[in-house]
Amino acid sequence: EWEQSWTKSATAEAEFVASISCSGHGRAFLDGSIVDGKPVCECNACYGGSHCSVFLPECIADADSGDPMFLEPFWLKHAASSTIVVPGWHRMSYEFNDDSLISKELDAQIRKLHAVIGNAVTDGRFIIFGVGATQLLHAAVQALSTTNHPSSPSRVVASTPYYPIYKEQTEFFNSEDYKFEGDTSLCNNNNGCKGNFIELVTSPNNPDGQLKKAVLQGPSAKTIHDFAYYWPHYTPIPALADENLMIFTLSKLTGHGEADLDEAVHQRMLTYMNLSTYGVARETQLRVLKLLKVAVENEGKEMFNFGYQTMRNRWRKLSKTMSLSKWFSIQELETQFCSFSERVRGATPAYAWLKCEREEDKDCNAVLHSVNITGRHGSLFGAESRFVRLSLVKSDDDFDLLLKRMGTLVSQENNNDGINKIMTHTNEFIGTDKCTG
Ligand SMILES: Cc1ncc(COP(=O)(O)O)c(C=O)c1O
């Protein structure tokens, strides 16, 4: 027999903070700054004041980062089922009882999630749980690279446009075992580049949302499949992924990642994890376990439907605005059969890959700055500067402001176009007049 006692003050504290009103444009947190004995509101971008009720009109619409805040309303709605309490003595040991770095329950829950969504085969696979895909990507490149051959490091490649971290990370760690070589087509065994290749395949791709396949084949090519966005929020799921090394991340939900792979690579990646972080914090694992239980509730329908509907509405609104423009375009994505939703559906990408079509608009981000928008420069993805990536996964406030400012840009174009048309018409008229005169 027991009576609730020591969790009472913790739960009261959590609920008190959650009850602080920030006008729907911010949030107070348990570990936020305290003023007059109370945690203060942390406002969304472009909102200020003690309760975040003041809109800051001059503020920049920041569509740069892929911060997946669009799911926050889902977790607020599911507060009761997703909350955990972490006592001070929760798993103080470095290891679990079986010496592993991940709890058996969490391992099983990850497999269940993939089975429910139908996006990856996990039977007979190892799972490594990392702090995020960023850490696992480096662990994977390191594990697949040729060691002890400083004169012939593995060549790390990705198809343009590619996720900038691949280049930045490989160059930052500056290893003798692997080097970033850029676009897959610039260096491969078919065009005279000899050596061992590690190809990073991102599907759906960041930045353009296309479902991609590996380009390089054969014994000297190893592949890392980055499936960070292979979830129904962002793409139809045409088939179960069954690749050798697959990286998934829950960062678009919770900030955590996982990977499935074969024995030898598994051992090398485990060594990397042991030497870099000695596993993921136990309270994080507990939290992820709870969040995944909510994610698979009702066969995943609630969370993934929420994610899909939100992203679909955003993509539709942006596409409608962009359809009125000739100076700017966004990528086209195919509709496909989605095994998760059991129907043909369109893509609902995490990012818009915006192109400035006019010859003179060579730096597209600079053009966007004229209406107070900033995105991520195309050159970072190995592409031309006339491309910009716009993030569609941030909060509603962020998206609404982005859409409004894109609307301004397009209406400026149409007004200009209107003026141009009148001018052309007038010139024609004057011309005719002259001729007849
Ligand atoms: C393609 C791709 N891979 C990996 C990551 C990193 O994921 P994580 O946040 O889990 O480190 C991102 C994040 O934006 C991404 O876009």
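Two strands are said to pair if DSSP finds at least two bridges between them, and strands (E, at least two residues), like helices (H or I, at least four), are DSSP runs numbered from the N terminus. The structure is a predicted model, in which local features need pLDDT of at least 70 and side-chain atom pairs count only at pLDDT 80 or more, while totals for chains, interfaces and linings use all residues. Residues are numbered from 1 along each chain as its sequence is written, and side-chain values use heavy atoms, with hydrogens and water left out.

Strand β12 (residues 221–226) pairs with β13 in the parallel sense over two bridges, and M246 of β13 is the bridge partner of H225. In a regular strand the side chains alternate between the two faces of the sheet. Strand β13 (residues 246–249) is covered on both faces, with M246 and F248 buried on one side and I247 and T249 buried on the other, where buried means under 20% relative accessible area (1.4 Å probe, protein chains only).

Helix α5 (residues 133–144) contains Q135, which is buried at a relative accessible area of 13%. Beyond its neighbours within four places in sequence, Q135 is in contact (heavy atoms within 4.5 Å) with G130, Y272, M273, S276 and T277.

Helix α5 also packs against helix α6 (residues 165–173) at an angle of about 60 degrees, with the axes 11 Å apart. The contact is made by T134, L137 and H138 of α5 together with I165, Y166, Q169 and F173 of α6. The axes are lines fitted to C-alpha atoms over the stretch in contact, and angles run from 0 to 180 degrees between N-to-C directions.

Note on methods. Buried means under 20% relative accessible area, exposed over 50%, partly exposed in between (1.4 Å probe, protein chains only).
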